[in-house]
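Please read this briefing alongside the sequence and the coordinates shown below. It is arranged by topic, so that each group of points can be followed in the viewer.

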Amino acid sequence: MDFSLTKEQEMLRKLSAQFALEELEPIAAQIDEEHRFPVESFEKMAKLGFTGIGVPEQYGGTGGGMLEKVIAVEEFAKKCMASAATLSIHLIAPHAILAFGTEEQKQKYLPRLTKGGELGAFALTEPNAGSDAAGVKTTAVYDEKTDEYILNGTKCFITGGARAGVLVVFALTDPKAKTKGISAFIIEKGMPGFSSGKIESKMGLAGSETAELVFEDCRVPAANMLGKINKGFKIAMQSLDAARVGVGAQGLGVAEEAIEMAVKYTHERVQFGKPIAALQGIQWYIADMAMKTEAAKALLYMTASLADSGKPFTKEAAMCKLFAAENARFVTNLALQIHGGYGYMKDYPLERMYRDAKITEIYEGTSEIHKVVIARAVMNK
Amino acid sequence: MRIYVCVKQVPDTSGVVAVNPDGTLNRASMQTIINPDDLSAMEQALVLKDATGCQVTAVTMGPPPAEGMLRELLAMGADDAVLISAREFGGSDTFATSQIISAAINHLGVGKDDMIFCGRQAIDGDTAQVGPQIAEKLNLPQVSYAAEIEKVGNDVTVKRMLEDGYMKIKVQTPCLITCISDKEKKARYMTLNGINHCYEKPFTLLNFEALKDEPLIELDKIGLKGSPTNIFKSFTPPVKGVGVMLEGADKKTAETLANILLEKHVI
Amino acid sequence: MAFNSADISAFKDIWVFCEQRNGVLMNTDFELVSEARKLANERGSKLVGVLLGHNVEGLAKQLGGYGADKVLVCDHPELEVYTTDAYAKVLCDAAMELKPEVILLGASNIGRDLGPRCAARLNTGLTADCTHLDIDMNNYVDFLEKSSTLDLSNTKFDMEDTNLKMTRPAFGGHLMATIICPRFRPCMSTVRPGVMKKAPFSQEMSDKCVVEKYDVKLAKDDIKTQVLDVVKEAKKMVDLIGADVIVSVGRGIGKDIKKGIELAEQLTEAFGGGVVGGSRVTIDSGWLSADHQVGQTGKTVHPKVYVALGISGAIQHKAGMQDSELIIAVNKDETAPIFEIADYGITGDLFKVVPLMIEALNEARASK
């Protein structure tokens, strides 16, 4: 099995790492402290084409697929988890439109998202529909006279929702049919009846913006339905598979960086007359961290190449997300521990990385729901 | 109008520098980067390309892996790239190097409207010699230490830095300009589309065969053997000893320190 | 007769290109002439200063005072302001006619523009930015013994070798290389300013120095560039990352913050210019703005000289500056961790020690 990257992919990694180092890291602590979404960073990503990954050039994209997304997100996550999340989650909307949209929808919306500097968002979660997506309560009622759907309901915890120019929103078109009655819609910022509510204050990932979205008699042209009526659940699940690989890349990146910092620190920090790197207790920590991170990487890259070759990857996506997420918390925790009191201080980025890493166990499906997905795939063949 | 930009792949000396026991550099163990001043020259060329639509050609002399650097420059926006590479060229000093590069550029042709941009100096050798020497061999006017370049018609105005100020110099194309790095004018990034297409852009390999009959090449003045200068000895300076605590805290202590610093050419 | 750089026996004398700006000789000229005097003695040859400019003949005798046997004055209106074309033509014309064995230039922004252009035209080698020069092999071997880690016990040297041995740093000073130019003449070198020692001025030598006018042949057409303007500019404050000299203050300035920062500023000036930095506490306490902080995560500095005043040396501070080429620390507490990485440490009150340092440095610089 060959995991080697193409020359172009290696260049993409180099560019992503350079961009993360020069543009994202310098403001990572500041945006965390100020709970500020750095619009300027997103605009720079758009200018260079990161926001068009996975979309063909004819729609303003920059081509590539899951591997390219993984590379960019992984490198960003090393320096700024919030920015990695912003890119990773942004890409869900254009990818859903590319996979399920009509030609008109692709022409109209993709260039705005891929190169136009507009943020994308994906709105499925509701106050009562988290792990249980079937609990969606937002409704979309068809109005024959105007050929429009009228949306009513509330979405919550939507990354980038308040700033997004184009959103993929899920609503019930047949409330009795539960998951078989969900449809997807392409919503534009500014549509009458669509507004954003509360901006959440979070434990970590403070440089990405998480919003509540409110739909009050929001009229959406029927032409904005994404995919077929009542077939939205499949769009949601397929989008989540891809999104989970993105979260895996976030978890991998933050873990890799934490290891690098920990190793550097163990050589600098002298206690009892020698660098703590000489202590076996520390060495065993590092060995565990490195081994698990390498395993996470292998699983993640295997999943990405499965996805790029067009094979099913639902089970693997759940596995790599879950594993990389748990590992991200494990590794950032130990790296912080190795740094002792310094790790707990805001002078070092580890306390931020630790807080940021925690989200990977929760969003785009909690660890627990992933185990459900994995068990179902393994046991119900 | 075409701008040739001469670039060099160099070991990244800002990180750990590995030295072999014989005092030569262990290049294999070091990361390579595009020489910073050369990157600045490329940016200046690309700014002119943005304004005029001119052609930008990246030129380097080096071993075959230097192609990777040229592809990066193509991904940044250069139109085509030229790799001058041959065993016979290896080990050239600045004189021999400039002879080979000027022969290559002459081979490709320098038009009335063309310019050659170089970085002021490379961080591995810090000589700042290859640019002016190419200019001499091609019989072109040169302006070195350029911080700003403006072009109107065939007139090029350059802000040329001195230690204690600058000169404004007017020169006409064709000419050669060596550029200094400027933190305010950081070179642009590659773009993702640039990366996608950098392997499709024109790429020329000039080997010994291609250049050996060029009039500017004197076969006995290229490569390690032909270079006028030779390394007689290379060595590492003595390792930094443990620190010294100076005695006292009075005028005499301060004078002792000042004398040490004077001795070490620190002041 | 055509000029042939390979006919090495035809070359004699050591030349120093003496740079003047606005009719004032550069300090480097005196350093170079002083150093070249030693080389000329080693070689038993004449030392000639080459002075280009307009109405500069009056400067020539000064060069004699540092050891020039003769000064070749190249006077022409087109040489008043430096242009590559005019200076290269005059210097190369003279070198082709008079065939010096060695030409030294200061490695200034002008010397490094002129040197390579001339070397290419004269078909000879050039070594850039040298910090040490020898002709006599005994002296060179002494130098190696003192300044290198080489084991010379099994090395045979040709003690009769009369090539100029030009030593220079490479790879940011991680390596030193000695370069020779054995097959061509003149042997050319640019020399780093401030490195060679200026000899004491000798009125007697100055009086003996022969001033000779060189017949400059220069036409307007020879010059392809036009100098529109020459502007003098004070050095801009650079940021920490690019600074050659950083003087940082820490908690130790607490008893008189204003004075402490002032002293740090004055000390940078005594080093010939630099930037003031601060440890975390000086930033957190608002004594200095955040852009002064050294040791902040991700901000690593590596100046030529780092002076830590009243800084104890917390780990994140050390991590940010320990790659500095030379570290000087002043602290009241002799057990301060900063002394573990300092090249030179002084235990004492910075408010007393720093003024003495400033005074001593200024005196030392003046004595050069």
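What follows is a briefing on sheets, helices, domains, chain contacts and backbone geometry.

The model is a predicted one. One sheet takes strands from chain B and chain C, in the order 13(B)-18(C)-17(C)-16(C)-14(C)-15(C), and 67 residues of chain B are in contact with 71 residues of chain C. In chain A, a pair of helices, helix 7 and helix 8, packs at an angle of about 155°.

- Helix 11 of chain C, residues 350-367, lies across strand 16, strand 17 and strand 18 (344-347) of chain C, and runs at about 135° to strand 17 of chain C.

**The helix pair in chain A**

- Helix 7 of chain A (residues 232-268) and helix 8 of chain A (residues 280-308) pack with their axes 9 Å apart and at an angle of about 155°.
- Since angles over 145 degrees count as roughly antiparallel, helix 7 of chain A and helix 8 of chain A are therefore roughly antiparallel to each other.
- The crossing of helix 7 of chain A and helix 8 of chain A is left-handed.
- Residues of helix 7 of chain A that take part in the contact include A242(A), V245(A), L252(A), E256(A) and I259(A), while those of helix 8 of chain A include I282(A), M289(A), K297(A), L300(A) and A307(A).
- By class, the residues of the contact of helix 7 of chain A with helix 8 of chain A comprise 16 nonpolar, 5 polar and 2 charged.

**Domains**

- Chain A is divided into domain 1 (7-114), domain 2 (120-232) and domain 3 (234-379).
- The centres of domain 2 and domain 3 of chain A, taken over C-alpha atoms, are separated by 31 Å, and their contact takes 13 residues from domain 2 of chain A and 12 residues from domain 3 of chain A.
- The side of domain 2 of chain A that touches domain 3 of chain A has 8 nonpolar, 4 polar and 1 charged residues.
- Chain C is divided into domain 1 (8-222) and domain 2 (240-367), and the C-alpha centres of these domains of chain C lie 38 Å apart.

**Contacts between chains**

- The contact of chain B with chain C involves 67 residues of chain B and 71 residues of chain C.
- Among the elements that give two or more residues to the side of chain B that touches chain C are helix 3 (94-108), helix 4 (130-137), strand 7 (142-152), strand 12 (230-235) and helix 8 (251-263) of chain B.
- Helix 8 of chain B gives the most to that side, with 9 residues, and by class the side of chain B that touches chain C has 34 nonpolar, 19 polar and 14 charged residues.
- Strand 12 of chain B and strand 10 of chain C (residues 175-180) run antiparallel and are joined by 5 bridges, with I179(C) as the bridge partner of I231(B).
- The contact between chain A and chain C takes 7 residues from chain A and 6 residues from chain C, and the side of chain A that touches chain C divides into 3 nonpolar, no polar and 4 charged residues.

**Backbone geometry to check**

- Most residues other than glycine have a negative phi, and most peptide bonds are trans.
- The peptide bond from T173(B) to P174(B) is cis, with omega near -10°, and P174(B) lies in the loop between strand 9 and strand 10 (175-179) of chain B.
- The peptide bond from R185(C) to P186(C) is also cis, with omega near 0°, and P186(C) is found in the loop between strand 10 and strand 11 (187-191) of chain C.
- A128(B), a residue other than glycine, has a positive phi near 60°, and A128(B) is found in the loop between strand 6 (115-119) and helix 4 of chain B.

Methods:
Residues are numbered from 1 along each chain as its sequence is written. Chains are lettered from A and ligands numbered from 1 in the order in which they are written. This is a predicted model: local features need pLDDT of at least 70, side-chain atom pairs count only at pLDDT 80 or more; totals for chains, interfaces and linings use all residues. Two strands pair if DSSP finds at least two bridges between them. Helices (H or I, at least four residues) and strands (E, at least two) are DSSP runs, numbered from the N terminus. Two residues are in contact if their C-beta atoms, placed from the backbone, lie within 7 Å. Axes are lines fitted to C-alpha atoms, for helices over the stretch in contact, and angles run from 0 to 180 degrees between N-to-C directions. Angles under 35 degrees count as roughly parallel, over 145 as roughly antiparallel, 65 to 115 as roughly perpendicular and the rest as oblique. A crossing is left-handed if the near helix is turned anticlockwise from the far one by less than a right angle, and right-handed if clockwise. Ala, Val, Leu, Ile, Met, Phe, Trp, Tyr, Cys and Pro count as nonpolar, Asp, Glu, Lys and Arg as charged, and the others, Gly among them, as polar. Domain bounds come from an automatic or database domain assignment.
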